[in-house]
Amino acid sequence: MLGVVDEPGLAEASGLVYSEADPGTLWTHNDGGSPPRLWAIGGDGTVRGHVEIDARNVDWEDIALGPGPVTGWYVYLGDIGDNLAQRDRVWLHRFPEPDDLDEPVDAVESVAVRYPDGPADAEALMVDPVTGDAFIVTKAATGRSAVLRIPAGAWTSGSLEASVVATIDLGTFALVTGGDISRDGSLIAVRTYTGIWLWARHDGESVSEALHRPPCPAPAPDEDQGESIALGSNGYATLSEGVGTRLFRFDR
């Protein structure tokens, strides 16, 4: 355990990602119905502050870091939660990684995403640092979760229908709640409430090709409601919902 995140305003942390500008900082956010804020926490769980984001929070469920449209690293937010499977489209937002918590982020790009087989709940968003493609993993009670690809070029169109590029089977009732891709693209992580699964990705291989292989189980903490995972340079961090929750880290 790294520390305790004790912030009343951060009671439903639903996504987690390591900062590129400051590897000692993690970004997180609340899920639906909360103010559209990005929270910065230190490696010891200390909350450093938050920044306001000019995007509606219908149900933010995960966060990722990936390449921007030209250069630099962008924060990607997945407004993809849909408990009742009734949203005809969900939203992805992106913006340059903030460097000042006192300055609201208003330069937000957004893309509306539809699913080929109709609405579905999802809580995992990943961005490929190699191609810039984004991936949504659905939260299926059967354990067979669809992996949907949103190509990097989709942001210029404003909306698109995502394509299913893989299906991962983690077992019945293994509900996917988060995911991440390492900054060098060589490792893919998906978590459920109680488990963590890793896929190695070979040079020249696509994300979908890697996900067609069986994953390796990895250590998972005992959390009240495990919602998020962030891959770092030498391991991964996890965080649960709730006030006073523990921030965990596991080394590779």
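Arg201 sits in the loop between β17 (196–200) and α1 (207–211); helices (H or I, at least four residues) and strands (E, at least two) are DSSP runs, numbered from the N terminus. The model is predicted, so local features need pLDDT of at least 70 and side-chain atom pairs count only at pLDDT 80 or more, while totals for chains, interfaces and linings use all residues. Residues are numbered from 1 along each chain as its sequence is written, and side-chain values use heavy atoms, with hydrogens and water left out.

**Arg201**
- Arg201 counts as buried because its relative accessibility is 9%. Buried means under 20% relative accessible area, exposed over 50%, and partly exposed in between (1.4 Å probe, protein chains only).
- Its side chain makes a polar contact with the side chain of Asp128, at 2.9 Å. A polar contact is a pair of N or O atoms within 3.5 Å; within protein, one must be able to donate a hydrogen and the other to accept it, and residues adjacent in sequence count only if both atoms are side-chain atoms.
- The Arg201 side chain also reaches the backbone oxygen of Glu205, at 2.8 Å.
- Residues up to four places away in sequence aside, Arg201 touches Asp128, Val130, Gly185, Ser186, Ser206, Val207, Ala210 and Arg213. Contact means heavy atoms within 4.5 Å.

**Nonpolar cores**
- The largest nonpolar core has 21 residues. Such a core is a set of buried Ala, Val, Leu, Ile, Met, Phe, Trp, Tyr and Cys residues joined through side-chain atoms within 4.5 Å.
- Ile80, Leu92, Val113, Tyr115, Ile136 and Ile150 have the most contacts inside this core.
- Two or more residues come from each of β7 (73–79), β8 (90–96), β9 (109–114), β10 (122–127), β11 (134–138) and β12 (144–150).
- A second, separate core of 17 residues includes Ala124, Phe135, Leu170 and Ala210.
- Neighbours within four places in sequence aside, Ile150 is in contact with Leu92, Val113, Asp133, Ala134, Ile136, Leu160 and Ala162.

**Four-stranded sheet**
- Four strands form an open, antiparallel sheet in the order β1-β21-β20-β19. Two strands pair if DSSP finds at least two bridges between them.
- β1 (3–5) and β19 (226–231) are the edge strands, each pairing on one side only.
- Twist averages 30 degrees from one strand to the next. Axes are lines fitted to C-alpha atoms, for helices over the stretch in contact, and angles run from 0 to 180 degrees between N-to-C directions.
- β1 and β21 (residues 245–251) run antiparallel and are joined by three bridges. Val5 has Thr245 as its bridge partner in β21.

**Five-stranded sheet**
- Five strands form an open sheet in the order β6-β7-β8-β9-β13, with mixed pairing.
- Its edge strands are β6 (60–67) and β13 (159–161).
- Here the twist averages 25 degrees from one strand to the next.
- β9 and β13 run parallel, joined by three bridges. Ala112 stands opposite Ser159 in β13.

**Positive phi**
- Most residues other than glycine have a negative phi.
- Ala85 has a positive phi near 50 degrees. It lies in the loop between β7 and β8 and is partly exposed, at 38% relative accessible area.
- Phe173 has a positive phi of about 65 degrees. Phe173 lies in the loop between β14 (163–169) and β15 (176–181). It counts as exposed because its relative accessibility is 65%.

**Cys216**
- Cys216 is in strand β18 (residues 216–218). Residues up to four places away in sequence aside, Cys216 touches Ile196, Trp197 and Leu198.
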